[in-house]
Amino acid sequence: MLYYLGGFLKNYFGPARLLQSYAVLIVLALYIGFFLTEKLLPKFFKFLPSDRGREFTLTKEAAKGKPTGSGVVFITMFVILSFLIVPLDFVQCGVLVLTWLMMLTGYLDDRSEKGWGEYIKAFLDLVICLLAAFLLAHGLGNDSPTGELYFWLPFVSHIIKVPVWLYIIITVILLWTSVNTTNCTDGVDGLSSSLVIFALITMGLIFYVVLGHVDIAAYLLVPHLPDGAGWAGMTFCLAGVLMGYLWHNAFPSSVLMGDAGSRALGFYIGVCVMVSGNPLLFLATSSIIFINGGMGLLKVALKRFFHISILENIRFPLHDHMRKNHGWSPTQVLIKFLSIQILITVAMLGIFFKIR
């Protein structure tokens, strides 16, 4: 809306043309998202459900009783601000709607007294991830110069064409993995939100500086994403509202995001990775999230369905293992995990974009 308002007002007030600059819109999305969430979120605390305490987690007693499910607030703010600030196409509108629906499934689980069963949540994840996969396959395929889907990968200088059926399978797997690993990482004050903020800023810069820039994309031998600046605007908007939430979630926290926040955040990160055209970017932006939560999921799945035991001496999520077995404080977990993620991201981005 601001973009089109700037186009109308610039005929009467010259500086209004700045509202059609994506750099300006990105800054506005980031700062408005932060300040609105930081100021308004506490006003909703009394309306949020209370945390029940997660089974098998080390900090369930510390979290028990705190307002949770605040993802319903900041994800809703993200969706509204994105519609108001960023000029959106059909695919981006669809992604915002599906992100909000993913949040809603988590929020209803947060509100439920007994919590939803694992299989119900897995089914809902599958449905929303399938819808997103078909949406991305249709939209990105139509936007492609050849009308086909493709990936760009490290060590390969040319793009790789991907059949629609394979693209949908990869998208569903990656989105489901991102949703559930991000959800599992939400257990230490500030940890999940800090890691996700770093992932969002990384993806936002990739969208705006690299993929969205014709010359830089050509220089690095990666496909140009015509609407990269629009995706960057949405991504920085989500980073802004998440920073506003982190202001209240920093240790010791006064509010928790709940499944409403973590599931929606994981979903959106996965979407960004698929939009970039390189599914391996998930490891560059979210490897700690994947290891911290994903290995636990793998351990449980192998034990439950195949009666195979692995990593028996390691407690998952890994942040619980580091706290209980190595005596790390919540602050140490946050700083050390985030530091490792920064090191991994810098190394992997160098490999992905230069060794081609």
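Author: Ground rules first: the model is predicted, local features need pLDDT of at least 70, side-chain atom pairs count only at pLDDT 80 or more, and totals for chains, interfaces and linings use all residues. Residues are numbered from 1 along each chain as its sequence is written, and side-chain values use heavy atoms, with hydrogens and water left out.

Reader: Why is S262 called buried?

Author: Buried means under 20% relative accessible area, with a 1.4 Å probe and protein chains only. S262 has 0%, so the label holds. This serine sits in helix α11, residues 258-276; helices here are DSSP runs of H or I, at least four residues, and strands are runs of E, at least two, numbered from the N terminus.

Reader: What makes the pairing of S262 with N183 a polar contact?

Author: The term needs a pair of N or O atoms within 3.5 Å, and within protein one must be able to donate a hydrogen and the other to accept it; residues adjacent in sequence count only if both atoms are side-chain atoms. The side chains of S262 and N183 come in at 2.8 Å. Leaving aside neighbours within four places in sequence, S262 is also in contact (heavy atoms within 4.5 Å) with residues including V179, T182 and D186.

Reader: How do you know that α10 is roughly antiparallel to α11?

Author: Helix α10 (residues 228-249) and α11 pack at about 155 degrees, with their axes 12 Å apart. Angles over 145 count as roughly antiparallel, under 35 as roughly parallel, 65 to 115 as roughly perpendicular and the rest as oblique, so α10 gets the antiparallel label against α11. The axes are lines fitted to C-alpha atoms over the stretch in contact, and angles run from 0 to 180 degrees between N-to-C directions.

Reader: Which residues in α10 and α11 meet?

Author: W231, M234, T235, L238 and L242 in α10 meet L265, Y268, V271, C272 and V275 in α11. Those residues divide into 9 nonpolar, 1 polar and no charged. Nonpolar covers Ala, Val, Leu, Ile, Met, Phe, Trp, Tyr, Cys and Pro; charged covers Asp, Glu, Lys and Arg; the others, Gly among them, are polar.

Notes. Buried < 20%, exposed > 50% of the residue type's maximum accessible area, 1.4 Å probe, protein only.
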